[in-house]
Amino acid sequence: MSTREIESKVRELRQLQALIEEAQAEAEGIKDAIKAYMGDSEELRAGEYSITWRPVKTARIDTTALKKALPDVAAAFTKEVTTRRFCVA
């Protein structure tokens, strides 16, 4: 691919990313409106749709606190991973 073709592809990519961001923001606004309507309700029927908004409990390890309290244990269970990050500036 030539430099001009890459430049064109990057321009197209940025336009698509902007459209995606707009659509995601619009979708979040719609979700927020539905949540506001639901209030404290966990379930709602709207015609053919069933909407749920329930609390979900999760448990996560506080790695910062673990490293402070038990640095040897944290080091023994730490796994280094290498990935490639794609970025267009």
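This is a predicted model: local features need pLDDT of at least 70, side-chain atom pairs count only at pLDDT 80 or more; totals for chains, interfaces and linings use all residues.
Okay, let's start with the surface: this chain exposes about 8900 Å², and carbon and sulfur atoms supply 54% of that. Those accessible areas come from Shrake-Rupley with a 1.4 Å probe, and for residues only the protein chains shown count as cover. Residues are numbered from 1 along each chain as its sequence is written, and side-chain values use heavy atoms, with hydrogens and water left out.

So, how much of the chain is buried? Of the 89 residues, 2% count as buried. Buried here means under 20% relative accessible area, exposed means over 50%, and partly exposed is in between, with a 1.4 Å probe and protein chains only.

Now the overall shape. The radius of gyration is 22 Å, whereas a compact globule of 89 residues would sit near 12 Å. That radius is taken over C-alpha atoms, and the globule rule is 2.2 Å times the number of residues to the power 0.38. Along the principal axes, the C-alpha trace spans about 55 × 50 × 20 Å.

Secondary structure next. We've got three helices and two strands, running α-β-β-α-α from the N terminus. These are DSSP runs numbered from the N terminus: helices are H or I with at least four residues, strands are E with at least two.

On to the salt bridges. The structure holds four of them, where a salt bridge is a side-chain nitrogen of Lys or Arg within 4 Å of a carboxyl oxygen of Asp or Glu. In general, side chains of opposite charge can pair when their charged atoms come close.

One of them sits in helix α1, residues 3-38: Glu28 and Lys31 are three residues apart there, about one turn of the helix. Their side chains meet at 3.4 Å, N to O. Glu28 is partly exposed at 39% relative accessibility, and Lys31 is partly exposed at 44%.

Then there's Arg54. The Arg54 and Glu43 side chains meet at 2.8 Å, N to O. Arg54 lies in the loop between β2 and α2 and Glu43 in strand β1, so this pair ties together parts that are eleven residues apart in sequence. The Arg54 and Glu42 contact comes in at 3.9 Å, N to O. For relative accessible area, Arg54 has 46%, Glu42 has 38% and Glu43 has 46%, and each counts as partly exposed.

Last stop, a nonpolar surface patch of about 330 Å², made by Leu70, Val73 and Phe77. Patches take residues with over 30% relative accessible area and no salt bridge; like charges are joined within 9 Å, and nonpolar side chains (Val, Leu, Ile, Met, Phe, Trp, Tyr) within 5 Å. Leu70 is in the loop between α2 (63-69) and α3 (71-76), and Leu70 is partly exposed at 45%.
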